[in-house]
Amino acid sequence: MRLVLFCLLYCLLYANTQQGDIEFQNGNYIKAIEYYKQSTIEDDKYLYIKLAQTYTRLGDNFSRIYNFEEAKKYYQEAIKLGGRLAKSKLSKLYEKEADLYYKGKKYKLALHSYTESKNLGNKSVEKKIKTVQKLLEHEESLINDTRQIVTSSSPSWTHAIGRLIVPTKLTIEKNRTQTKIKKCSASLVNFDNISNSRVIITASHCLSQFDKNAGSIRFIIKTKENQIMQKYATIYKDSKFDPKLKQRSDYAILILSSTISKSEVEPIIIDKRSFKKLQEEYKYHFASLAGFSSDIGDYGSILTYDPKCKIDYYNNLYGKSNCSGFKGASGGPVVMTVSKEKKNIAFFFVGVVSHFQGDKYDAIYFAPHHIFYNTVKKAIEQYN
């Protein structure tokens, strides 16, 4: 009698296992788990392996549709049953989740998920963890950040700033040519009495890796009608600034392929007077800085400016400011807003953003324009 009962029980368990296999093959993993559990006898390692595989498949399905919480739940169940593949997949799932958080600039959540991924053995995320940690440190340093996004109501001079695209290297990968680029900021400048402009000013270090064999330098700017305008640019004067030695002022003057009229883009007026002279002549004055800082928008896609800050003279090559900016703003303008009686306001280009003091966003050095004014004057007289 006992033998008969044992045979019946064994047949039932075997039948459940077989049905579980059928459901697994058909992709009905929930049902497969139900049958496998009904078949499970203590220390039945073979069935535990089947269960682990099924939980892993469920985790894969939820991972594909970005349902991370459900995917984690099933991967963790598989891991409890000794599923090594599930552990690897869970680590990749955390990385996938972290990448999405990173893209959405949710850096604290990204750091948590990257760390979970690393703890599960994914060493490839270590570099990403360091990147996110730096970004979080940067966010903490921006408590007093005064930058604003440039809008249609921002001062007119902010609309004379464009994106400079500098090709640096031409590579061939998988029978395809790819051009690496460097992005900076640049300003359209002119004298007050000239209507057409072809002269732009940027930082010399923005051109340090320029490779003419990889393509042409491009200047992209928005018109008053909010239309994107693109011009090619050639170098008129490059100060050949060396970021390590810093023995020269950091500026470059470029000529656009064709003119931009005042009706399309209002240029920033450049004047012979230094910023110190302007400060002496005008009772009311303050400085501003603008550029495509890479920490705002999608890698610097949004133009920002610090509306009001201070500048002072540092040496015969640099001015120093407490304006707010970040990498990507290099080549952008430093502008003086001046007025004698707070009625008639004027804006003057007084320098070009050069480099930062360490990683501080509010300790910026710039190349004062009076150092290279005569060269700019010749360029404007020749091309504008």
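Over how many bridges do strand β14 and strand β15 pair, and in which sense? Strand β14 (residues 346-356) and strand β15 (residues 364-368) pair in the antiparallel sense, over 5 bridges. Here, two strands pair if DSSP finds at least two bridges between them.

## Ground rules

This is a predicted model, where local features need pLDDT of at least 70 and side-chain atom pairs count only at pLDDT 80 or more, while totals for chains, interfaces and linings use all residues. Numbering runs from 1 along each chain as its sequence is written, and side-chain values use heavy atoms, leaving out hydrogens and water.

## The chain overall

Let's start with the totals. The chain's secondary structure comes to 9 helices and 15 strands. Both kinds of element are DSSP runs numbered from the N terminus: helices are H or I with at least four residues, strands are E with at least two.

Of the 384 residues in the chain, 45% are buried. Buried means under 20% relative accessible area, exposed means over 50%, and partly exposed is in between (1.4 Å probe, protein chains only). The chain exposes about 21,500 Å², with carbon and sulfur atoms supplying 50% of it; areas come from the Shrake-Rupley method with a 1.4 Å probe, and for residues only the protein chains shown count as cover. Among contacts (heavy atoms within 4.5 Å) with a separation of 6 or more, 62% are between residues 24 or more positions apart.

## The 8-stranded sheet

Back to β14 and β15: they belong to an open sheet of 8 strands with antiparallel pairing, in the order β1-β10-β9-β13-β14-β15-β12-β11. Its edge strands are β1 (148-149) and β11 (311-313), each pairing on one side only. For a residue-level handle on the sheet, look at His-355, whose bridge partner in β15 is Tyr-365.

## Around β4

β4 is mostly covered, with 5 of its 7 residues buried. It forms a hairpin with β3, with 5 residues between the two strands. β3 and β4 pair in the antiparallel sense over 2 bridges, and Leu-188 stands opposite Ile-200 in β4.

β4 also pairs with β7, again antiparallel, over 6 bridges. There, Ser-197 stands opposite Ile-260 in β7.

## Helix α9

In helix α9 (residues 373-383), the buried residues include Tyr-373, Val-376, Ala-379 and Ile-380. They cover an arc of only 125° around the axis, so they sit on the same side of α9; that arc is taken from the directions from the helix axis to the C-beta atoms.

β3, β4, β6 (228-238) and β7 (252-261) are among what covers the buried residues of α9. The face turned away from that buried side carries the exposed residues Asn-374, Lys-378, Glu-381 and Gln-382.

## Two disulfides

With a disulfide defined as a pair of cysteine sulfur atoms within 2.5 Å, the count comes to 2. Counting bonded cysteines along the chain, the pattern is 1-2, 3-4.

Cys-184 and Cys-206 have their sulfur atoms 2.1 Å apart. The torsion about their S-S bond is about -90°, so this disulfide is left-handed. Cys-184 lies in strand β3 (residues 176-190) and Cys-206 in the loop between β4 (196-202) and β5 (217-222), so the pair ties together parts 22 residues apart in sequence. Both Cys-184 and Cys-206 are buried.

Cys-309 is joined to Cys-323, S to S 2.0 Å. This link is right-handed, with 70° about the S-S bond. The pair links distant parts of the chain, 14 residues apart: Cys-309 is in strand β10 (residues 304-309) and Cys-323 is in the loop between β12 (319-321) and β13 (333-339). Cys-309 and Cys-323 are both buried.
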